[in-house]
Amino acid sequence: MTATTARFIVVFIAVFSVTLAAPAQQRRATQRKQPASQSGLDPQQQAAFNKLSQQADAAREGGRLDEAIQLYIQGLQLNPKWKDGWWYVGSILYDRDSYSDAREALRNLLGLDDKNGSAWALLGLCEFGLRNYDQALSDIQYARTLGNMISSKEFVNVARYHAGILMTRAGQFELGYEALRDFAREGNESPSVIEALGLNILRMPFLPAEAPPDRRELILMAGRAAFYQAARRVQEAERAFKELLSRYPDVPNVHYAYGVYLLIDSPDAALDEFRRELQISPDNVPALLQIGFEYIKRNDFENARPYAQKAVDAAPNLFATHNALGRVLLELGKVGEAIKELEIGVKQAPDSPEMRFALARAYARAGRKEDAARERAKFLELDKQKRTERSGPQSVGGIEAKPADKNPPR
Amino acid sequence: MSNETRYHRTGSRNLLLVLLLLFLLASLWVSRLGAVIRVAAQNGGAAPTFEEIPPSASGITWVHDNAMSEQRYLPETLGPGCAFLDYDNDGWMDIYLVNYGACDFFKPTRPIRNALYHNNRDGTFTDVTEKAGVPGGTFGMGVAVGDYDNDGWPDMIVTAYGKCTLYHNNRNGTFSDVTDKAGVAAPGWTTSAVWFDYDNDGRLDLFLCSFVQYGLNKHIFCGDNKLGRHYYCIPRVFNPSSSLLFHNNGDGTFTETGKGTDIERALGKALGVVATDINNDGLMDLFVASDTVQNFLFVNRGNGKWEEIGLASEVGFSANGQPRSGMGVDSADFDGDGWQDLFVANVDQEMFSLYKNNKDETFTDVARPNEVAAATRLLSGWGLKFFDYDNDGKIDLFLANGHPDDMIEQYSGQVKYAEPLLLFRNEGDHLVNVSDKSGPVFKKDFPARGLAVGDYNNDGRLDLLVVNNGKAPVLLRNNAGKDNHWVGLKLQGTKCNRDAIGARISWSAGSATRSRLKTSGGSYLSAHDVREVLGLGKATKLDWLEIKWPAPSGKLERFTDVPVDKYITIVEGKGLAAN
């Protein structure tokens, strides 16, 4: 691309930009207000536009991308509401690492079609390229929620991978693991997947590119174990974890990671690993919570209580700690204290369905029927939303708000 | 060769054949005896609590074909179901077994069919399927038995992936397919079903569980991983659907009446259902287990109104707000407080739930103190039933288990595909896992699905039939509680539904007074002996027996001179019938 062409593209895209660097949520709200419209071309313009669009597509398909981008721009000059045009301009520019310009093109597309999952995902990838990581995660997650990304598996995988590593970087390790583990299940053993998984299970809030160089062997060893764990290759996972433990027995989160691996099949052994983790890092909140929740699962609330309490003391701003302690107190019959803890948790994480569920149960025990009903309604709303984000709309059941018209055909 | 020689040789040959036959019979007897001695030895000389009756002894040679394909189509792993029913009204429980059949993804390469086995009254059964006209032909899932036309002869609905089939009993050992005429030709994928009278008009209505929206064009391949193989998808990836409620019009036809109610609005992936009365209001409610989405508790508010209260009653989700993989269900007053409790089985790691009724339309999960939670952590449960296996008067619990994914052992160190059966004995204040002490069959593993409870040898002890995915069924004879006494009741409604579903039975024997609701359904894909066996423990006589018949009569009848250790029939408004 020549310098003149590049400048022209930048100016052109900027003129038609409909949004600025507002938060994604805000942008989404703005864009929804924009009316859908027709091209409004006269027959002569339409003919010219048709010709240009065909030429642009042919150039793109023929790999003549400089030519293609110029033709798309010309077409967009005639018809700025040409969604495919904006999409191809954005994607070609993204492929050329021109993230800022690509971002503007995609914003224009989203101004015309704010439910375009592919555009949101590519926009997120542009933000990633521009190192706006929080924005990148927000956009990609929104795209995944929409669930209508183009059917290219490669594209979907790129978006999923970036969501996974960005969630790890943001400290959302459990969600990050969910996004990354499917690569292992699909047999994708690439170093980037291994590294991402390693950072994730070691709970290191870095992107792979930011990982401390002196920890690289540790990260790769952990990643290999996590890969086998996610791929459900039991014997190899067991071996890999044992090697990791023998080489790095005192590194924080190694015992924790092994404990998580053991939790499903050998919960007693998992508890031992979490306790070993606490010997290394006494305030390791995830380990405290895992022990607390395992005891809750066993209805052993007396044993759960000290771990839940310590988790709250160590991380008073983490809603999960209040969830654990609140649930324990509720089952021990201390309803008032439980409500207090759970209300703190809800305040900290108003969008957590689990918090709403726990608080609803506590209100019900206290006989506060209206409060319980309100929290249940909120739980259902949030649960549906989160479940849709995580596993798609088909994963959601429950009572439909509107009868008849939404019922699946029989 | 002289004639004499020829005769002599022929005679010798006949003698040889007779000797050979005698030898074979003797071998079989010795082999059977050996098995009995071995079993007895393992149980300290006594017969095991539940004794596996082999096909060679029962004559049940039918085997389920699970149609397992490389593609691992989900319906393959969910069946089958079974039933104990007395289709010819001779007073002996016959057996019905459901098989798969041709569908959009499966073309059988050999003939496969359902099977109806007639009880020969000597511990053996004879296959009468063809004569009875009940071979199925769909990709069958389960069966529910009920006398929907109140003629005294049990009818059957066979659910399926495809189209379910309503078999009307012709009262002569045969059945007719009346599905279309009756208006219950539900397409899609139906699983468990239950007959019950929701509007107390004296006729049995029908509830059909609907699983996911599925078809060849909706199939998803799961698990194309490094193993290079497909495994059965978790149902989360398929769209949910609404279950169906059909009202009995009384003329052999039905009308779908779930429409516009919470039953239609509840999008689930329903696998198990039991009709019970959770609030003692005389209206039968429905507890429906759903896989990967919430369970539903439909409370019958009368006049055709249903209120779904799964979330508020705390039986919809796990204690931390997660939907689980609900499969088998049942309901009974296991703690004897007069209120119906609930049970639901889930998959491994989720543990099963035993919900104690708090008497205010809410429940508390008491699986842990009843030894159920720990015992089921690694198991996946399907067929299950509350029943009094030792006739001590207290309600016990049996669970049939098996993991839905045949490849589970490749990615789990602990969870197995075939899993053990479990028996819990009611010790009065809690359930105790007595599986280890209940016979060698509890040391074996099965890919179990359906479970039916019924007394096939009329000895007053309820036996079990477990059906396995892709394997032969297992018939378990109950040898427990031989010193305990019992009364077997066949209730015959005249104003209420003929099967008297919804009747409340109370009795006093010795120092104990007990009560039981005649529920319907429960377990998974299966139907049970319609008779109720009341355990009296050591008491040799029944002090009194009360039947509160369901509406429309709602009549309360009391009996004081009831024979024990035998089956009797009580007819609504007419007392004991001569058996």
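This is a predicted model: local features need pLDDT of at least 70, side-chain atom pairs count only at pLDDT 80 or more; totals for chains, interfaces and linings use all residues.
Residues are numbered from 1 along each chain as its sequence is written, with chains lettered from A and ligands numbered from 1 in the order written.

I then checked the strands. S1(A) and S15(B), residues 266-268, pair in the antiparallel sense over two bridges. Pairing requires at least two DSSP bridges between two strands. Strands (E, at least two residues) and helices (H or I, at least four) are DSSP runs, numbered from the N terminus.

Next I took the whole contact between the chains. Chain A puts in 30 residues and chain B 37. Contact means C-beta atoms, placed from the backbone, within 7 Å. On the chain A side, H20 (353-365), H21 (369-391) and S1 (398-399) each supply at least two residues. H20(A) gives the most, with five. I sorted that side by type: eleven nonpolar, nine polar and ten charged. Nonpolar is Ala, Val, Leu, Ile, Met, Phe, Trp, Tyr, Cys and Pro; charged is Asp, Glu, Lys and Arg; the others, Gly among them, are polar.

Last, I looked within chain A. The axes of H10(A) (173-185) and H12(A) (216-231) come within 8 Å and cross at roughly 80°. So H10(A) is roughly perpendicular to H12(A) (65 to 115 degrees). Axes are lines fitted to C-alpha atoms, for helices over the stretch in contact, with angles from 0 to 180 degrees between N-to-C directions. H10(A) contributes Arg181(A), Ala184(A) and Arg185(A); H12(A) contributes Phe227(A), Ala230(A) and Ala231(A).

Definitions and conventions: Two residues are in contact if their C-beta atoms, placed from the backbone, lie within 7 Å. Angles under 35 degrees count as roughly parallel, over 145 as roughly antiparallel, 65 to 115 as roughly perpendicular and the rest as oblique.
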